[in-house]
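Trainee: Could we go through this model by its side-chain and helix geometry? I would like the criteria stated along with the values.

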Amino acid sequence: MEIKGYLHLYWGDGKGKTTAAAGLALRALGQRLPTVFLQFLKDGQSGELEPLRRLGAAVLSGEPGMKFVFQMTEAEKAKLKARQDRMLREAVSCLPAEGRALLVLDEACAALQTGTLSEPLLRETVLRRPPGWEVVLTGRDPAGWMREAANYATEMRCTAHPFDRGIPARRGIEY
């Protein structure tokens, strides 16, 4: 019997997409599944990354001090796209070609929307993954092909958030 891996999509404007993906990574690591957690467009400072590393996940992310994409020049965006494409290829190379594994692609939706990730590379990685791989995509507004291909799709919708009352992001809670 062939092992079937599924596509998970956590999307929307609400809090919890990355947290849900990290929770699934934690569960996979607890069952000894090879796990890669790749964060696009983030500076590698999120609180969930170090515990995932300690538990055996391969973690890839941006560099501290990264600018937001809207602050970047076209040359900086091109450099970021090349880096993020390399990170995706590296993430894939960390996982076995056969058997069960988990690949989390955090903020893949935003990386695609901002043009800082190659769509053909992402589509190929997601849609032609080995049969046993679970893949998680997160972000605010997924591409149509992501929604169509998703086996699990969870929309996080914000109905209240402290930020709306002027409270900034808090260490250990929002990041």
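**Helix packing and ring pairs**

Mentor: The axes of helix H3 (residues 74-93) and helix H5 (residues 119-127) come within 10 Å and cross at roughly 15°. Axes are lines fitted to C-alpha atoms, for helices over the stretch in contact, with angles from 0 to 180 degrees between N-to-C directions. Helices (H or I, at least four residues) and strands (E, at least two) are DSSP runs, numbered from the N terminus. This is a predicted model, where local features need pLDDT of at least 70, side-chain atom pairs count only at pLDDT 80 or more, and totals for chains, interfaces and linings use all residues. Residues are numbered from 1 along each chain as its sequence is written, and side-chain values use heavy atoms, with hydrogens and water left out.

Trainee: How is H3 oriented relative to H5?

Mentor: The axes cross at roughly 15°. Angles under 35 degrees count as roughly parallel, over 145 as roughly antiparallel, 65 to 115 as roughly perpendicular and the rest as oblique. H3 and H5 are therefore roughly parallel.

Trainee: Which residues of H3 and H5 make the contact?

Mentor: Contact means heavy atoms within 4.5 Å. On H5 the residues are Leu121, Leu122 and Thr125, and on H3 they are Asp85, Leu88, Arg89 and Val92.

Trainee: What kind of aromatic pair do tyrosine 6 and tyrosine 152 form?

Mentor: Rings of Phe, Tyr and Trp (its six-membered ring) pair if their centres lie within 6.5 Å; planes under 30 degrees apart count as stacked, over 60 as edge-to-face and the rest as tilted. By this rule there are two aromatic pairs. For tyrosine 6 and tyrosine 152 the centres are 6.2 Å apart and the planes at 85°, which is edge-to-face.

Trainee: Why is the pair of phenylalanine 68 and phenylalanine 70 classed as it is?

Mentor: The ring centres of phenylalanine 68 and phenylalanine 70 are 5.7 Å apart. Their planes lie at 10°, so the pair is stacked.

Trainee: Is glutamate 107 buried or exposed?

Mentor: Glutamate 107 lies in the loop between strand S4 (101-106) and helix H4 (108-113), and its phi is near 65°, a positive value in a residue other than glycine. Most residues other than glycine have a negative phi. Buried means under 20% relative accessible area, exposed over 50%, partly exposed in between (1.4 Å probe, protein chains only). At 17% relative accessibility, glutamate 107 counts as buried.
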